[in-house]
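Have a go at each task before reading its solution.

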Amino acid sequence: MSHDRFDVLFAGELQAGEERDEVRRRLQSLFKLSDDAAIRLFSGRPVAIKREVDADTASRYRQTFLKAGALVHIVPTDAAAGPESAPDQAGRGTTAADPHRQVAESSGLALSPPGDQPLEPPVAANPPAIDIGHLGLVPGSDWTLEDCEPPLEPIELPDIGHLRILGPPIGDADDRQS
């Protein structure tokens, strides 16, 4: 089933290895946000960046956020709106389309709706084929990790044959006292 319109949501998630302050600064610069608006983006709650956009626009927002080091969720508009919720015994709303909402609300975790695109682009390249047929293990226990160390380079001693010690000869202490 194809969807015509999408919502772009941001919940403060960052790409691996990115620092929160640096990503916030990049997003603030890109979208010309005030300090308060940038802080609200990183509150941990999903914030609608753009509502009811076409797939190309949603993809452009995803790429922009990826370049800044952030991750966004692209949700079909009809899935984001959902049916009316009915209160459960605790007074929280649940929907027939999302029976696990109570668990998601209590844990702070949530699942993407079916058909949502992955946040990270797939890796297109296959790893290179490396021939390891010539490698093998030493049989038994007659090896140690010392076998893995590179051999020590011999140190060439300098020629000191031309050197002499000047002064009285050095001998036993008894010989000098007599």
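**Exercise 1. Work out how helix 1 and helix 3 are arranged.**

Step 1: the axes of helix 1 and helix 3 approach within 9 Å and cross at roughly 135 degrees. Axes here are lines fitted to C-alpha atoms, for helices over the stretch in contact, and angles run from 0 to 180 degrees between N-to-C directions.

Step 2: angles under 35 degrees count as roughly parallel, over 145 as roughly antiparallel, 65 to 115 as roughly perpendicular and the rest as oblique. Helix 1 and helix 3 are therefore oblique to each other.

Step 3: find the residues that meet, where contact means heavy atoms within 4.5 Å. Helix 1 brings Val23, Arg26, Leu27, Leu30 and Phe31, and helix 3 brings Tyr61, Thr64, Phe65, Lys67 and Ala68.

A note before going on: this is a predicted model, in which local features need pLDDT of at least 70 and side-chain atom pairs count only at pLDDT 80 or more, while totals for chains, interfaces and linings use all residues. Residues are numbered from 1 along each chain as its sequence is written, and side-chain values use heavy atoms, with hydrogens and water left out.

**Exercise 2. Decide how far the coordinates can be read in detail.**

Step 1: pLDDT is the predictor's confidence in each residue, from 0 to 100. The chain averages 74, and 69% of the residues score at least 70.

Step 2: compare the elements, with helices (H or I, at least four residues) and strands (E, at least two) taken as DSSP runs numbered from the N terminus.

Step 3: Where pLDDT is low, the predicted coordinates should not be read in detail.

**Exercise 3. Describe helix 3, its ends and its surroundings.**

Step 1: check the length. Helix 3 has 14 residues and spans 20 Å from its first C-alpha to its last, close to the 20 Å expected at 1.5 Å a residue; the expected span is 1.5 Å times one less than the number of residues.

Step 2: look at the ends. Asp54 caps the N-terminal end, with a side-chain oxygen 3.0 Å from the backbone nitrogen of Asp56. Helix 3 is followed by Gly69, which has a positive phi near 100 degrees.

Step 3: list the buried residues (under 20% relative accessible area; exposed is over 50% and partly exposed in between, with a 1.4 Å probe and protein chains only). In helix 3 they are Thr57, Ala58, Tyr61, Arg62, Phe65, Leu66 and Ala68. An α-helix has 3.6 residues a turn, so residues three or four places apart point the same way.

Step 4: ask what covers these buried residues. The cover includes strand 1, helix 1 (20–31), strand 2 (47–53) and strand 3 (70–76).

**Exercise 4. Summarise the whole chain.**

Step 1: count the elements. There are 6 helices and 5 strands, in the order β-α-α-β-α-β-α-β-β-α-α from the N terminus.

Step 2: Of the 178 residues, 20% count as buried. Among contacts with a separation of 6 or more, 70% come from residues 24 or more positions apart.

Technical notes. Polar contact = N/O pair within 3.5 Å; in protein donor to acceptor, adjacent residues only side chain to side chain.
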